[in-house]
Amino acid sequence: TDLPRSPPAAAEPRHASPAAPRRLREKLRTAARMAGPPARTAPGSRQQVQGGESRAQPASGAPPARETRAPFRFDYERFRRSLRHPVRGGRPGEDPETRARRMKIKEMMKFAWDNYKQYALGKNELRPLTKNGHIGNMFGGLRGATVIDALDTLYIMELEEEFQEAKEWVEKSFDLNVNGEASLFEVNIRYIGGLLATYYLTGEEVFKSKALELGEKLLPAFNTPTGIPRGVINLGRQGSRPHERFLRGMSWSWGWASAGSSILAEFGTLHLEFLHLSQLSGNPVFAEKASNPQPGLQGIGLFVMNIRRVLNRVEKPQGLYPNFLSPVTGSWVQHHVSIGGLGDSFYEYLIKSWLMSDKKDSEAKKMYDDALEAIEKHLVKKSAGGLTYIAEWRGGILDHKMGHLACFSGGMIALGAEHATEERRQRHMELAAEITSTCHESYARSDTKLGPEAFRFDAGSEAMATRLSERYYILRPEVVESYMYLWRLTHEPKYRHWGWEVVKALEKHCRVEAGFSGIRDVYTTTPTHDNMQQSFFLAETLKYLYLLFCEDDVLSLEDWVFNTEAHPLPINHTDFKA
C-alpha cells in the first residue's frame, strides 16, 4: 500500500539515534561483510571475526586470539539438494489450453518488464501513459523497486534474457548508500524479500550480500523501549553534513498513526525475512530473542522474536489484535481490528512462520489458531444474499465492509486448514472457499470484471463499492492469490476459470500502449487510467496468475512459502551451515 510520508513530529523523541549500540552495529557489519565482497579496513588494521563480532586490531602488537571461529558459510548446494521438487517443476503431460494460458501470462510479464526497462529502468515504477518513471516516497532513496520485485517472477517464467537484464542492474546500479525516509515494511517485503528469494532461486551471491547489507540498515527502527519497531526509518548514508549524520539510522512513527503508534501489519510482517537474514549470515541478531532490555541500550535483542513476546504479554480484546500498538508502552492505542489494511499480513506471517519452520514453530501456530478462532467468532458474517465476509471491528462496533487487501484471507485460511485437525480442516476449507467466492463476486459485479478497493454489505448493496473513493483498482493481487491457493489445495476448475477472467479483464481495461495501468472506476467500461504500473503487479499479480496455470511442483508449497509480496522463501527442511 502506498502510505503517505510523514515527517517526525517536532515534539516526538527520535529513539533510534546514531549512537545505537556499537557492539550490535559491529556484529551486523560483520555479517554483511562475510556474505559479500571483502570490506575495506582502515590503514594499519585488520578485521577478525570472533564469536560473531567484528573487532579492529592493530597490525602489530598484541598477539591474535587463540581461538577464532571460521567465517560462517551458508551451504547453498546442500540447500538445493534438500528441495523436494525442481524449482520450475517438471510439467508432465499438461493440456494445451493450460499451457497456452500460462504463455499468455508470460507474455504479459514480458510486456510489463520491457516497457519498464525502456522508459523507467532504475526508477521505482513505470508511468505507462506518460512513458516515464516514478520514484515515490516510500523507499528512502532506494531505486529499482520494480527490478527487485520482478527478479524472481522473471526467473520462474524462464524469461532468461530479461532476468539477466535485471541482475545486471542490481550488480552495477543498485546503490544502498542512500539517505531518506523509508517504510520499514515496504523495504522489507519488496527489497529484502525480493533479494532473498532470488538468492535462494539462483545461488548468486550478489543478491545475498545486498539483502544482508540492507537488512542491517533497518535495525535501528527496533531501537524503542519495547523493541516494537517504528514504521519509518532513515536509511542513513555516511553523510558529511551535520544534519545527515544526525538523521542516520533514526526512526519514527507515521504521522497519521494514532498517538505515535506502530502498525500491526508492519511490525508483524518481518518474521519470515529476518529469520532468513539470520540463517544466511549465521548471525542470530536479526531474530534474537530479547532478554531484559537495559535502559539506554534498550535491548540488544530487539528483533522479531521479541515482537511476539510483547504481543503475548498484552491483553487482546475478545482475543482480537487491534491495528495500533505503542512502541513505547507496548499497549494498544485504539481498538480497530481489520483483516484488511493495517492488520492483514500479521496473520499471514503467523501461519507461514509455522510452515517455514517445517511445522516446528508451535508458538506461531498457536497464535494463528487463537486469532482465527476470535475472527470466526466476532468478525465473520453472512450477508442477506448469502455471501460470507470478514467485517472490521471498531471498539466492538462492526463495520460491514471488506477491502481488496482482505481478500488474501481466503488463501491464508485454506493454507492453514490443510494442516489442521479434521474437524477444523473441513470448517476452515469451507470458510476459505466462501470468502474467496465473495471476493470473486466483487469482481463479477463490476462492469470491468475487476474488483474495487473496498466493497460493502449495507444499504441493500452487497460486494460492491458504495463510495466513490473505493471504486478504483490498482492492479492488486489478493484475489488471484486466493485463487492460486484454492486451486492448489482443491483442484476445483472454477479457480482457473476465475483467474482467466481476470487475465482477460486486465488485457481489456488495464493494458495500454506502454505497460499496464490501474483504473479509477471499475464500474465503467471506459475507465480512466491512473498512469501507474505498480511494482507488485510484476511481483505478485502476474506471478500468482502464472502459478495458477502451472503444475503444483512449480514453486511447490512443500518447499516454499511466499512472503506478502509473493517472494518465495524456502521451508527450513534442515540446517544448511557449511
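**Close-up 1. Glu 453, a buried residue in a predicted model.** In this predicted model, Glu 453 has a relative accessible area of 13% and therefore counts as buried, since buried means under 20%. To find Glu 453, look in the loop that runs between α15 (422–444) and β17 (454–458). Leaving aside residues up to four places away in sequence, Glu 453 touches Gly 403, His 404, Glu 470, Tyr 472, Ile 474 and Arg 476. The unreviewed UniProt entry includes Glu 453 in its "active site" annotation.

Close-up 2. Glu 186 sits in helix α6, which spans residues 184–202. Its relative accessible area is 1%, so Glu 186 is buried.

Close-up 3. Thr 564 carries the annotation "binding site" in the unreviewed UniProt entry. With 16% relative accessibility, Thr 564 counts as buried, because the cut-off for buried is under 20%. Not counting residues up to four places away in sequence, Thr 564 touches Phe 185, Ile 189, Thr 269, Ser 345, Glu 348, Tyr 349 and Glu 540.

**Close-up 4. The polar contact between Thr 564 and Glu 348.** Which residue's side chain makes a polar contact of 2.9 Å with the side chain of Thr 564? The partner is Glu 348, one of the residues that Thr 564 touches.

Note on methods
Residues numbered from 1 in each chain as written. Predicted model: local features only at pLDDT ≥ 70, side-chain atom pairs only at ≥ 80, totals over all residues. Heavy atoms only, no water. UniProt positions renumbered as here; feature names shortened; annotations may be inferred. Buried < 20%, exposed > 50% of the residue type's maximum accessible area, 1.4 Å probe, protein only. Contact = heavy atoms within 4.5 Å. Polar contact = N/O pair within 3.5 Å; in protein donor to acceptor, adjacent residues only side chain to side chain. Helix = DSSP H or I, 4+ residues; strand = E, 2+ residues; numbered from the N terminus.
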